[in-house]
Amino acid sequence: MNEILAKLRYRPNIFEIIEKGNHVICAVSGKKIPLDKLTYWNVDLQEAYFSSKEAQMRFEDLKK
C-alpha cells in the first residue's frame with residue numbers, strides 16, 4: 001500500500017479528513033500514525049500525537 005499523508009481537521013472527539021491518505025505525522029516525535037490508530041490530538045493546535053507520551057510532552061512544553 002502506498003504511504004499517503006492525510007490532511008485532517010481535528011475536532012473534539014473526532015477528526016475530519018480534508019485530503020485522503022493513510023497516515024499523519026506526530027507533531028512531537030515525527031513518527032507516522034496510521035489513521036486507524038490515531039487517538040491523540042490537540043484541537044487548538046491542530047496537531048496529532050503518536051501516543052499519550054507525546055501528548056503529555058507537548059502539554060508540558062506549553063506550560064513553560
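Entry one. I looked up Glu47 and found Glu47 buried, at 18% relative accessible area; buried means under 20%, exposed over 50%, and partly exposed in between (1.4 Å probe, protein chains only). The model is predicted, so I kept in mind that local features need pLDDT of at least 70 and side-chain atom pairs pLDDT 80 or more, while totals for chains, interfaces and linings use all residues. Residues are numbered from 1 along each chain as its sequence is written, and side-chain values use heavy atoms, without hydrogens and water.

Entry two. I checked the partner of Glu47: a salt bridge joins Glu47 to Arg58, with the closest N and O atoms 2.9 Å apart. A salt bridge here is a side-chain nitrogen of Lys or Arg within 4 Å of a carboxyl oxygen of Asp or Glu. Arg58 also counts as buried, at 19%.

I turned to Lys31 and Glu54, whose side chains form a salt bridge at 3.8 Å, N to O. Lys31 is in the loop between strand E3 (23-25) and strand E4 (32-34) and Glu54 is in helix H1, so the pair ties together parts 23 residues apart in sequence. Helices (H or I, at least four residues) and strands (E, at least two) are DSSP runs, numbered from the N terminus. Glu54 is buried at 5%, whereas Lys31 is partly exposed at 39%.

I looked at Lys64, which forms a salt bridge with Asp61 at 3.7 Å between the closest N and O atoms. Lys64 is exposed at 81%, and Asp61 is partly exposed at 41%.
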